Each structure stands twice: as C-alpha cells, then as structure tokens.
Amino acid sequence: MADPLQSAGGAVYRSRDPVHNLRLRVRIQRVTSAGPLLPQAPPLLAGPRGPELLGLADRAATGARRPPDEEEEEAEVGWQEKLFSQFEVDLYQNESACQTPLDRQYHKEILKLEKAGGRKNYRIFTYIDHDRFTNLEEHCQKVTDSDHEVPSYLAERMANVRRRRQDRRPIEASSLKSKIITWEPSEEFIKNNHVINTPVQTMYIMGDLGPYGKLGHREYEHVLCTIKVDGNGVITVKPDFTGTKGAYRIELDGEKREVWKYTIENASVQVQPEEEEREQCVFRDLYGRHKEYLSGLVGSEFEMTLPGTLRLFVNGEIVSAQGYEYDNLYVHFFLELPNQWSSPTFQQLSGVTQTCATKTVGWDNVAYFCYPFTLEMFFTQGDESEDSLPQWPVLYFEVLSLDFWQRYRVEGYGSLVLPVSPGLHTLTIPTWRPVELGTVAELRRFFIGGSPELEDITYIRIPSTFKGERLSRFGFRTETTGSVTFRLYCLQQSRAFLETSALRQRMQSVLDRLGGFSQQSSVYNVLEAFQRARRRMQEARESLPRDLIGTSASAVHQLQEP
C-alpha cells in the first residue's frame, strides 16, 4: 500500500478564530482494481504552501450526508468530533470491556446512537486526541524526502517524541522530593534533555477500506488526514486540502489491489464581511485599551535631570574570576563616590556575590559568577571657577576564598574606574594581595586561613584619609594573583546632550562640556581642551580694540572657533 501521508505534502495555516469552528468534508470512493490500464491519478505532492490565515466562523454548520453506500461515502467532520468505527462499536457495546472512564463514556454514546437509529458513518471515522491511537508516521525519523538521508541524533530524538497532551502526568506530592537541579550532568543526560517538546492536539480522519460486510478489521484501517493544532493558532493539515490538485489515491496490497480515491475540503463557514469588520473593531479597541494601559504605567513625561547635573547609570555584571590559588571564591565590592557625586537613598553601593566553585578551562581555574548589579549616581558641578578636575567613581573589590571549615582567606584586591564613555565595556582587572616573608606565614595561610588584610580597602589606589602630596609604598610587599572580568553597560544622561551644535560653541561649564564630549577617550582630555579654548578666546579678546569688545553674539561665536 502506498501511504498518502508519506508521499503527499502537508500545509500549515494560522488562524485567530477558535479552532472548534474548523470543519472538514471528506469524500471517499472506490475506483477499481489496479492494473496496467489504470489511469494515472493526480500527483499527491501538495504545492508549496506558506503560512496562511484560515478564517473560521463562530458557528458551525451541520452539512447533510449522503446515504451510506458500499462504493462511496461522504462525511463532514468538526474539530475533535468523534465518529465511531465498526470496530469501536463492537468493542464498546460490551460493558465488561470498558475499563477507563473514557471507555465507559463511549459505551453510553454508542447506546444512544443505537437508540437513535445507529451511526450515519460506515467507512469514515475519527480518532481524537484522547484516543489510544498512535500513527507510525509520528515516529518517522526522516526529515527530508531524500532516500539517502542519514538522520542526526537530535532528529531521531525529536521524531520519537509523542507530542500529545494525554501523556501529561499529574504532579504528585512525591515528585517534589526528586532532584530539581542536576549539579553534574553527564553527556548522555544533556543529549536526552536537549529535545523541544511543544504540546499539540492531534486528530486523525480514518478510512475503513475493507470489503463490504467485513468492516471493523484493523488491517483495513488507513489514515486519510492528520490535523494538529498548537496553542498559538497554528493548524497543520497533512495531506493538504485537495483544492484543484485532484483526489488522493490509496492502493491496497493483496490479490485484488483495490484502489480508493478521496478528497479533503475545508467546509468551515466563511465569516461574513460585517462580522469580520465587527471583529476587527473589537481587536482595535482591545489593542487601544492595552496601549493606554501601558502608557499609564510608563508615563507620558520623560524623566529629565536637573540643569548642571550628569546622571550615570551602570548595569554591571561580575562575569568570572580566574587564576587564583584556592577554590570556592566569592567577590566583595563597594563603590566610592568622590566629591560632587551623590546617589539616591535606595541605592546600595556594596554587594557580595555567591560562593562559586572553580572549573578548569585551559590552564586556569575559572569561577563563573554572572552576578548582576546596578549603580545609579549623579554628578553636580560646583564652583565653575575651580580648575581642579573632577574625579570619577571607583569600584573597589576583593576576592576571597572559603575552605571546608568556613574560614576565608584573601585572594586578591583590585579597583576599577567606571568607564567614561557610554556603551558596553568588558574589562579584566588584575589583582594582588599583601604577603609576609617566611614559611610560617604561608603555613598559617594554608592551615588556619589567616592572611594579611587591608584595614582600608581604598589603599588599593589612594587612601581616603591621605592628605599629603606624596604617597610612599616603600616596604609594602605584594604578590600578583588572578584577575576578575567585569561587563558594564553604561548610560549617561544630561541636558547638555540636547543642545545644538551652535550652542555648544559657547562658553559652558565643566559639566556641560563633560556631557557634550563624553565620547572622548578621557574626561581629562576634554577638560584640558576646554581650558585651551578658554585661553585662546581670552587672547583673541585682548588683541581686539576696545570698541569692538561689545560686538554681537555672532561675532563672539566666530572668535571662539579654534
């Protein structure tokens, strides 16, 4: 037998209407015995069909069926509509054969059909999503129609996935005792779990192609059409609707080699133009209300900074730490705000990461933290007459290790000046730690966990208590250790960014010039350029006659140009 589902292509549709409005009309007819003079049937391969919009009406029509015939039958089937086969009628009539609640429900429905005059279908029947039926086509391991295809491991695993909702098992109380996290997954465990399982509802339209009088034998049952629907409104029909391609053909095995042909049509009631317009109005109203709701949450006014203020927002991440001597590392960090910098009251300027075990990568032992943090701060310009350059915030951090007895030791100190330019920055900062001479200090560090520590962590750069002109570190012994990798997303906000190029040519404060030229490599270069421009303008003013000093603003702009 040539299975039409193996040789005929399917189609994928998308519908925003309820799927229960879908109805299909199936017509099956016996042609004749197969022979050398049998005319060729139309090709089974469906043409290329992209995702189309399948419009369904809100109400289903009950089509009239023709009287059952030995050679021909037509039936109109709705989504998940159950049509019993002769085999199921003979099985479920016996109440002793019904074991599950679904079997007992089918038993009651068959008794009602017998009282109403019997079933109207004979050869065409259906298997719905709750029936115990699985087509072998679901387990097909081939992805393409090539005869020489060698399926990959993932294709084999995906082909063997039974994506049926009836396989969902209820969560029992004992399942909470199972392992939720697998700390050391094996390669086989990763392969077995790397399978996407999207639940779908499946329905089969079947045909009983047995001789008349011998209906109800499983060997004569054949799949005419498979319909699958997921929760996103995607409807897969295989084979596709007949349309203008002609009928599909099934050739049976055996001595007679009987040939059957059948057609599949979309019998859903089309939506009327006025109903479609009403539906579009409802959608537009719904989308409009949702847009207003989101606008109410966000607000209509854009939050602006105060004049003369620069806002710095940093979304940071401590990515990893590598190259350290001991295992079970964690990082303690805090932010130092220099003068003229401030932060909101709710902002936390310090934090501690989780303890992370190291993993050997190449020659180094790497601990992956992936610890996120957020920093928000403001810079307010003070007296414009001050020539001192503003300091940028510094992030101090120390790396520590934890042993079996919950004792910690210092692995390294480091500091990071926040990037001046906005955007993404990935920085790897080397660290060091203070050391003591002698073997006793190393033994104490190994067995007891004690190691020299800094009382003031700002001693990494310039101590906050230092007031002199020169800082001497003579005699302070250190040792280079590993490094810590940071990933920083920096955003800057200032009203100076909104000014036009003509206004930027005028004299501005240090803050405005800082914001307008924040894309420079360094803030100090910007400020130095600003000072040079000021001196150049002052020299130009002194070289002019006194009667020209009070010129118009346009002339002053021309003098300010370098």
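**Contacts, cores and salt bridges in the predicted model**

Arg-461 is in contact with Val-394, Tyr-396, Ser-415, Val-417, Leu-471 and Arg-473, once its neighbours within four places in sequence are left aside; contact here means heavy atoms within 4.5 Å. This is a predicted model, in which local features need pLDDT of at least 70 and side-chain atom pairs count only at pLDDT 80 or more, while totals for chains, interfaces and linings use all residues. Residues are numbered from 1 along each chain as its sequence is written, and side-chain values use heavy atoms, with hydrogens and water left out.

As for where Arg-461 sits, it belongs to the loop between helix H7 (439-447) and strand S20 (478-493). Helices (H or I, at least four residues) and strands (E, at least two) are DSSP runs, numbered from the N terminus. With a relative accessibility of 33%, Arg-461 counts as partly exposed; buried means under 20% relative accessible area, exposed over 50%, and partly exposed in between (1.4 Å probe, protein chains only). Gly-414 is 47 residues away from Arg-461 along the chain, and the two C-alpha atoms are separated by 8.8 Å.

Now for the chain overall. It has 11 helices and 20 strands, and buried residues make up 36% of its 562 residues. Among contacts with a separation of 6 or more, 74% are between residues 24 or more positions apart.

Next, the nonpolar cores. A nonpolar core is a set of buried Ala, Val, Leu, Ile, Met, Phe, Trp, Tyr and Cys residues joined through side-chain atoms within 4.5 Å. The largest has 33 residues, and within it Leu-24 and Ile-227 touch the most other members. Strand S7 supplies the largest share of this core, 5 residues. Apart from it lies another core of 30 residues, including Leu-310, Trp-341, Cys-356 and Phe-369. Not counting residues up to four places away in sequence, Ile-227 touches Leu-22, Leu-24, Trp-79, Gln-201, Thr-202, Met-203, Ile-205, Ile-235 and Thr-236.

Glu-221 is also worth a look, being found in strand S7 (residues 221-229). Its relative accessibility is 14%, so Glu-221 counts as buried. The side chain of Glu-221 makes a polar contact with the side chain of Tyr-127 at 3.2 Å. A polar contact is a pair of N or O atoms within 3.5 Å; within protein, one must be able to donate a hydrogen and the other to accept it, and residues adjacent in sequence count only if both atoms are side-chain atoms. Leaving out residues up to four places away in sequence, Glu-221 touches Tyr-127 along with Ser-85, Phe-87, Phe-125, Met-206 and Gly-207.

On to the charged pairs. Side chains of opposite charge can pair when their charged atoms come close. A salt bridge is a side-chain nitrogen of Lys or Arg within 4 Å of a carboxyl oxygen of Asp or Glu, and by this rule the count comes to 17. In one of them, Glu-258 pairs with Arg-30, with the closest N and O atoms 3.9 Å apart. Glu-258 lies in strand S10 (residues 258-266) and Arg-30 in strand S2 (residues 23-33), so this pair ties together parts that are 228 residues apart in sequence. Glu-258 is buried at 14% relative accessibility, and Arg-30 is buried at 16%.

Lys-82 and Glu-88 also meet in a salt bridge, at 2.9 Å from N to O. Lys-82 counts as buried at 15% relative accessibility, and Glu-88 is buried at 4%. Another salt bridge joins Glu-317 and Arg-487, with their closest N and O atoms 2.9 Å apart. Here Glu-317 belongs to strand S11 (residues 309-322) and Arg-487 to strand S20, so the pair ties together parts 170 residues apart in sequence. Glu-317 is buried at 18%, whereas Arg-487 is partly exposed at 26%.

Finally, the cysteines. The structure holds 0 disulfides, a disulfide being a pair of cysteine sulfur atoms within 2.5 Å. Cys-281 is partly exposed, with a relative accessible area of 36%, whereas Cys-490 counts as buried at 4%.
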